[in-house]
Structures are given as structure tokens and as C-alpha cells.
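Colleague: I'm new to this one. Can you put it up and take my questions as they come?

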Amino acid sequence: MYGESSTVYRAARPRRRRRWPRVVIVVVLAVVLIAAAAVSATYLWAGTRLQQTEALTDYPDRPAHGEGTNWLIIGSDTRADLTREEREELHVGGGGQRNTDTVMVLHYGAAGPYLVSIPRDSYVPIPGHGKGKVNSAYALGGAELLTRTVEEATGLRLDHYAEIDFLGFTHVVDALDGVRICLGEPLRDEKAGADLDAGCQTLDGKQALAFVRARYSDPEGDLGRVKRQRKLLSALVREGTGADVVADPFRFYPFLGSALDAVTVDRMDSVGSLTRMGWEIRGLTAGEGGTTTVPVANPGLSVPGVGSVVVWHPSGSRALFDQLRQDVPITATTVK
């Protein structure tokens, strides 16, 4: 026995399986599910806050659908919901007449996005009321008459409608803690309450409203104002959809709530279509598409009983609307 060699066999210990891949997968799935639930809850909540109106309706000889998608975006200057103190603070004066300080068409599709300003004093036919300033259509017949007036004047079929009011606009800007704007020169306009220095600065709601309303001290008048309106709208969307806002619920939900309280859309529009609109406007800030104004032949024609109006350039405006309808790059006018 002593000469025999002995071998001791030991049972091999079972290997511990690495569980961390499964843990990671579970964690990732949990995060995805939580994020999806949060998005769904936000979407449903936003849907309950969305304000809608009757804006886009059919009528005889309505323009046919073109290529791409068209939004009519307006800024309503109704003072009916403002107190006297608020009117004085915002420098908006007067009573409850409903007009539109801002009229823009947002187009997107294969071409674009393009944001086209229609000067508020544009002299166009208003169905049932002869010719007048385009913004007066809103006072005469609300959103329905305004959208029909724009469709017949441009030949464009409108697919969506969005309206924002004075007080709501200031709340949206303030919910973002202001909007950053860069000015090449000072902007002073006593009637609008604008008192801004040259350079880059953050505007609060009151200052932003004055910025988009100022025109009396602007050598270009309303044509200069529409450029600032496009600039501020793009900046507002860019900052409101920025990562530092979207990722911070304490900033995102107040901003979203203020925006939904301030905006009214057509009865057929939804949170989804409004989100798409914002996404396309954000594309403008990334260098996509461009912005422009309807070509003008006479920026200050005096019409008895109407006042000073803006007359579109016949061939230039027609070419612009034709290109939008065909959803091709705009070359009919200077696009910035």
C-alpha cells in the first residue's frame, strides 16, 4: 500500500454565472418603460389643456391641396382679457377690438421649412367685406374669416391654425426665464414700450412683446417688425425645446403649461400636430429652409377710409405662393 500513489479527487465548484448583463438589461428596460410612461402621461395631460376653435372650414372654390403642409400662425392683439393696469404695463392701449399683430405662414414638406410673414396691413380682398387690411378680417369674422381671407389671397390651402394672445405670449417667455436676442443696433419705441440696447441680451415677457410690436421708430415700419417677429418666434421655440429645458421638469412643465394656455388651434389639430410645428420651426434655427416676407410693391399706399396699406408685388407674390404650393425651394424672393 505504501508504494501505491494516491490521488484525491475534489468536486469542482460550480462557476458563478455573471448576472450583471441581465441586471443592465432590466435597468435599461425599466428606464425605457418609465420614460415611455412619462411621455404618454405628458401627452394626455397636454391634450386636456389644448384650446381649440373653429378656424378652417370648407367653402365654395376653396383652394385645392398643394404639396407639403401649411400652418397659419397669428398673434392676436385682443385686449378684452387684459385689465387697465396690464394694458398700461404692456403698452397695448385701447379696448377689446380683435386684430392680429402677427400673420405668418409656416410651410414644410420636401422643401423648407419656410416661415413667410404677411404684413398685417396687406391690402387684400376680404370675403363679404370688399378690400381691406388683412388683419381686419380677424376683427370682422374671427379665425374663420381670417383663414379664408389668407387662402383666397395666396391661393394656398391651409392645413393647420395656431393663435397666441398678448398676455399668454408674455407668460410663455417668462416661463423660460426670458429669451436671448441679439440686436445690431438699439431699439427704442415709446408707443410699444421698447427700450433695448444693441448687443445680445435676455428679454423678459414684457420686453419681448415690445420687441415684436415696435414699428413706429423702425425705418422699415411693419416690414421691419415682421422680421423681428420671425426672429423671436424661432428663438422662443429653440429655447423651449432645448435639452436644458426638456430634461428639467421644473422648467419644462411650466413652459409647456404656459404655451398650451396661450395657444389656440383649429378643432382638428392636436398636441401631435402642434409638436410637429414646433419641430419644424426649430429646424429654421439649425439653418434649414429660410424666412421671408411676401414681396411688396408699395409699403405705404394711402387708401381713403382704410388708411396706409401695404400692396403686394403682383408677380413676386404670385411666384412665391406658386413655389410654396409646389413645395419647391423658394427663389421668388430673398430668403434669409
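Colleague: Asp244 first. Buried or exposed?

Modeller: Asp244 is exposed, because its relative accessible area is 52%. The cut-offs are under 20% for buried, over 50% for exposed and partly exposed in between, with a 1.4 Å probe and protein chains only.

Colleague: Which side chain does Asp244 meet in a salt bridge?

Modeller: Arg251, at 3.5 Å from N to O. A salt bridge here means a side-chain nitrogen of Lys or Arg within 4 Å of a carboxyl oxygen of Asp or Glu. Arg251 counts as partly exposed, because its relative accessibility is 22%.

Colleague: Which residues do salt bridges with shared partners join into one network?

Modeller: Asp58, Arg62, Glu151 and Arg157.

Colleague: Before that, what am I looking at?

Modeller: This is a predicted model, where local features need pLDDT of at least 70 and side-chain atom pairs count only at pLDDT 80 or more, while totals for chains, interfaces and linings use all residues. Residues are numbered from 1 along each chain as its sequence is written, and side-chain values use heavy atoms, with hydrogens and water left out.

Colleague: How many helices and strands are in the protein chain?

Modeller: Ten helices and 15 strands. They are DSSP runs numbered from the N terminus: helices are H or I with at least four residues, strands are E with at least two. Of the 336 residues in the chain, 46% are buried.

Colleague: What share of the contacts in the chain comes from residues 24 or more positions apart?

Modeller: They make up 67% of the contacts with a separation of 6 or more. Contact means heavy atoms within 4.5 Å.

Colleague: Back to salt bridges. How many does a search of the whole structure find?

Modeller: It finds 14. One of them pairs Asp58 with Arg157, whose closest N and O atoms are 3.5 Å apart. Those two link distant parts of the chain, 99 residues apart. Asp58 is in the loop between strand E1 (51-53) and strand E2 (69-76), and Arg157 in the loop between H3 and strand E7 (160-165).

Colleague: And Arg157, buried or exposed?

Modeller: Arg157 is buried, because its relative accessible area is 15%. Asp58 is exposed, at 62%.

Colleague: What about Glu151 and Arg62, how do their side chains meet?

Modeller: In a salt bridge, 3.0 Å from N to O. Glu151 lies in helix H3 and Arg62 in the loop between E1 and E2, so the pair ties together parts that are 89 residues apart in sequence. Both residues are buried.

Colleague: How far apart are the end C-alpha atoms of H3?

Modeller: Only 17 Å, though H3 (residues 136-154) has 19 residues. A straight helix would reach 27 Å at 1.5 Å a residue. That expected span is 1.5 Å times one less than the number of residues.

Colleague: Where does H3 bend?

Modeller: At Gly142, by about 135 degrees. The bend is the angle between axes fitted to the seven residues ending there and the seven starting there. Gly142 is among the buried residues of H3, along with Leu145, Leu146 and Val150. Just after the helix, Gly155 takes a positive phi of about 80 degrees.

Colleague: Why is H4 largely enclosed?

Modeller: Seven of the ten residues of H4 (residues 166-175) are buried, so the rest of the structure largely encloses this helix. The buried ones include Phe166, Phe169 and Val172. Asp177 follows H4 with a positive phi, near 60 degrees.

Colleague: New topic. Where is Asp266?

Modeller: Asp266 sits in strand E12 (residues 263-266). Asp266 is buried but has no salt bridge. The nearest side chain of opposite charge, Arg267, is 5.2 Å away. Lys and Arg count as positive, Asp and Glu as negative; His and the chain ends are not counted. A polar atom of the Asp266 side chain lies 3.0 Å from the backbone nitrogen of Leu56.

Colleague: Last one. What does Ser273 touch?

Modeller: Trp71 and His160, leaving out residues up to four places away in sequence. Ser273 and His160 are 113 residues apart in sequence, with their C-alpha atoms 8.2 Å apart. Ser273 lies in helix H9 (residues 271-285) and counts as buried, because its relative accessibility is 13%.

Methods: Polar contact = N/O pair within 3.5 Å; in protein donor to acceptor, adjacent residues only side chain to side chain.
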